[in-house]
Amino acid sequence: MATGTSQRRSRRLLRRWLNLSRFVRNAIISLPTFLCDLILLVVLVRLLAVNYMVASVVAFLVTTIVSYFLTRRLVFRGSGRGMKSGLLYFLAIAAASAALLTPLMGLFVGVLHLDIVVARILATVIVSLGGYYANRYFNFRKKRPPQPQG
């Protein structure tokens with residue numbers, strides 16, 4: 001009985017470690033893609049005079065595509081979903097994230113008068129956590145082996 005309990009405890013600890021490891025890998029990948037997002041946002045707004053709301057969406061969408069391929073390859077290896085359907089789920093989650101990110105940018109810049117870089121950092125932290133968990137539980141689930149019938 002003690003062996004069964006220790007095995008369950010070991011499996012639980014391993015699962016927690018793998019989940020933490022996945023979250024850390026996601027953070028490591030998210031940082032460079034976020035920096036690209038920020039650079040693109042600043043270039044669009046400050047150099048090309050694009051409206052910050054439009055630039056926010058454009059920067060987010062461009063980096064989302066890059067992020068999908070990095071995330072699929074390096075964070076959620078062994079997904080049970082195919083490449084095309086996984087991309088569609090990822091884009092749907094990204095669209096929901098953009099639907100939240102855009103009004104947050106409007107609030108932070110338009111109402112609170114924060115700098116666009118500060119506003120983007122705050123908005124991204126809020127939105128990224130939700131996007132990570134949505135992808136983890138809905139998009140990049142591992143394929144489960146069929147259960148024996150009996």
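Modeller: Start with Ala49, which sits in the loop between H1 and H2. Keep in mind that this is a predicted model.

Colleague: What is the phi of Ala49?

Modeller: Ala49 has a positive phi of about 60°, although it is not a glycine.

Colleague: And is Ala49 buried or exposed?

Modeller: Exposed, with a relative accessible area of 67% for Ala49.

Colleague: What about His113, where does that lie?

Modeller: His113 is in the loop between H3 and H4. Its phi is positive, about 60°, and His113 is not a glycine. The relative accessibility of His113 is 64%, so it counts as exposed.

Colleague: Change of topic. How many salt bridges does the structure hold?

Modeller: Two. In one of them Arg120 pairs with Asp37, and the closest N and O atoms are 2.9 Å apart.

Colleague: Is Arg120 buried or exposed?

Modeller: Arg120 is buried, and Asp37 is buried too.

Colleague: Which residue does Arg46 form a salt bridge with?

Modeller: Asp115, with 2.6 Å between the closest N and O atoms.

Colleague: How accessible are Arg46 and Asp115?

Modeller: Arg46 has 46% relative accessibility and counts as partly exposed. Asp115 is partly exposed as well, at 36%.

Colleague: On to the surface. Which residues form the nonpolar patch?

Modeller: Leu31, Leu35, Ile39, Val43, Leu47 and Leu48. Together they have about 590 Å² of accessible area.

Colleague: Where is Leu47 in that, and how accessible?

Modeller: Leu47 is in helix H1. With 67% relative accessibility, Leu47 counts as exposed.

Colleague: Last one, the helix packing. At what angle do H2 and H3 pack?

Modeller: About 145°, for helix H2 at residues 52-74 and helix H3 at residues 83-111. Their axes are 9 Å apart.

Colleague: Is the crossing of H2 and H3 left-handed or right-handed?

Modeller: The crossing is right-handed. The residues of the H2 contact with H3 divide into 16 nonpolar, nine polar and one charged.

How values were computed: Residues are numbered from 1 along each chain as its sequence is written. This is a predicted model: local features need pLDDT of at least 70, side-chain atom pairs count only at pLDDT 80 or more; totals for chains, interfaces and linings use all residues. Side-chain values use heavy atoms; hydrogens and water are left out. Axes are lines fitted to C-alpha atoms, for helices over the stretch in contact, and angles run from 0 to 180 degrees between N-to-C directions. Helices (H or I, at least four residues) and strands (E, at least two) are DSSP runs, numbered from the N terminus. A crossing is left-handed if the near helix is turned anticlockwise from the far one by less than a right angle, and right-handed if clockwise. Ala, Val, Leu, Ile, Met, Phe, Trp, Tyr, Cys and Pro count as nonpolar, Asp, Glu, Lys and Arg as charged, and the others, Gly among them, as polar. A salt bridge is a side-chain nitrogen of Lys or Arg within 4 Å of a carboxyl oxygen of Asp or Glu. Buried means under 20% relative accessible area, exposed over 50%, partly exposed in between (1.4 Å probe, protein chains only). Patches are made of residues with over 30% relative accessible area and no salt bridge: like charges are joined within 9 Å, nonpolar side chains (Val, Leu, Ile, Met, Phe, Trp, Tyr) within 5 Å. Accessible areas come from the Shrake-Rupley method with a 1.4 Å probe; for residues, only the protein chains shown count as cover.
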